[in-house]
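Here is my notebook from a first look around.

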Amino acid sequence: MTHLKPVLIVFSIFICIIFIVPTLLVLPFSSDKEKTNLNEKLEAGPGIGELADSVEVAVYRSGKEVIEKLPLEQYVVGVLAGEMPADFEKEALKAQALAARTFIVNKMMMGDSSLPKGADVTDTIDDQVFKNPSELASLWGADSEWKLKKISEAVLETKGQVLTYNGKPITAAFFSTSNGYTENSEAYWQNEIPYLRSVKSPWDEKSPKFTDQKIIPITEFEQKLGVKLPKDGSVGTITSRTEGKRVANVDINGTSFTGREIRDKLGLKSSDFSWYLKDSHIVISTKGYGHGVGMSQYGANGMAKEGKDYKEIVTHYYKGVKITTSEKLLQKVTAQR
């Protein structure tokens, strides 16, 4: 964002303003009219007007327990800002915008009786993370203008587009970083979904989240899994792996677990793990970050860096899908209201 030395006191006041009020736009020699609050700038940011002409989305703000309503395309801006770093490549951002829009269109068509009355979606990872302009101002500070501009452009350049399979919006699952492969849907969820197939994703090796290590005391390990480790110094035996190279099943002293169960119970970044005993602790190494189903965000960014466009990205991670207009689908949503 764009942001004298007449006397020392003026300079001191200026420095205080910079550090005490980081979310204000401070311009030397500006009039009161020009000293605009950053939140107001975001509200009237680039492309926001063009994104207003769409179906309204009611977002349940879990922190304040209120419902916030806004046009669908503006909602997609808030999700894109909450789910993917703005410094990612534009084509990766466009792919994420397409996934985010598909998710909400599908959600609105299906409905969700578990939500508070009047809400279409939550603002958490249970659905999609959403940030409004005020929250983005606090989050981004001095970088707000260029970040909002880039994200708004990604949404505008894919406006109205959704991913469909056999004419219906897909479950546009996505996650941060793969272990080099994405996962078949049935390896994580119960149902086999034809477009959520395991594919190679070698770009993820450059992700800062590609590897992780967690050290857990033996007592905590045993308590969380409800097991007792054998006396021979072993931890557990991985008995099978998924097509996506993650742990499918593991045996710990006669008790069987799925890789997902281990990941959930121990709070691991991924279900692609290996472990060993060291003194009174279990050292666990993982590859990847997230459930592994659908589009890898860091993989998408790697593809974009190699010159792939958003259409090539989404059709790599979602097999057999088409990019179609959401107009007729949204007409159904409007008719249901």
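Is T182 buried or exposed? I looked up its relative accessibility, found 0%, and so noted T182 as buried, since the cut-off is under 20%. I kept in mind throughout that this model is predicted.

**Entry: around T182.** I placed T182 in the loop between strand 6 (174-175) and strand 7 (211-217). Next I checked what its side chain meets: a polar atom there lies 3.3 Å from the backbone oxygen of R197. R197 is also one of the residues that T182 touches, and I wrote down S198, V199, G244 and Y317 among the others. That list leaves out residues up to four places away in sequence.

**Entry: S176.** I stayed in the loop between strand 6 and strand 7, where S176 is found. S176 has a relative accessible area of 11%, so I marked it as buried too. Its side chain makes a polar contact with the side chain of T177, at 3.0 Å. Beyond its neighbours within four places in sequence, I found S176 in contact with D204, K209, Y289, S296, Q297 and Y298. I would meet Y298 again among the rings.

**Entry: aromatic pairs.** How many aromatic pairs are there? I counted six. For Y75 and F130, I read 5.5 Å between the ring centres and 20° between the planes, so I called this pair stacked. Y75 sits in helix 3 (residues 72-83) and F130 in the loop between strand 3 (121-122) and helix 5 (133-140), so the pair links parts of the chain 55 residues apart. Y75 is buried at 0% relative accessible area, and F130 is buried at 2%.

I then turned to F88 and Y298. Their ring centres are 5.0 Å apart with the planes at 75°, so I noted the pair as edge-to-face. F88 lies in the loop between helix 3 and helix 4 (90-110), and Y298 in helix 9 (residues 297-305), so this pair ties together parts 210 residues apart in sequence. F88 is buried, with a relative accessible area of 4%, and Y298 counts as buried at 18%.

I also spotted a cluster: ring pairs link F221, F273 and W275.

**Entry: charges over rings.** Which residue has its charged end over the ring of Y181? I found K245 there, 5.3 Å from the ring centre.

Notes. Residues are numbered from 1 along each chain as its sequence is written. This is a predicted model: local features need pLDDT of at least 70, side-chain atom pairs count only at pLDDT 80 or more; totals for chains, interfaces and linings use all residues. Side-chain values use heavy atoms; hydrogens and water are left out. Helices (H or I, at least four residues) and strands (E, at least two) are DSSP runs, numbered from the N terminus. Buried means under 20% relative accessible area, exposed over 50%, partly exposed in between (1.4 Å probe, protein chains only). A polar contact is a pair of N or O atoms within 3.5 Å; within protein, one must be able to donate a hydrogen and the other to accept it, and residues adjacent in sequence count only if both atoms are side-chain atoms. Contact means heavy atoms within 4.5 Å. Rings of Phe, Tyr and Trp (its six-membered ring) pair if their centres lie within 6.5 Å; planes under 30 degrees apart count as stacked, over 60 as edge-to-face and the rest as tilted. A charge sits over a ring if NZ of Lys or CZ of Arg is within 6 Å of the ring centre and within 35 degrees of the ring normal.
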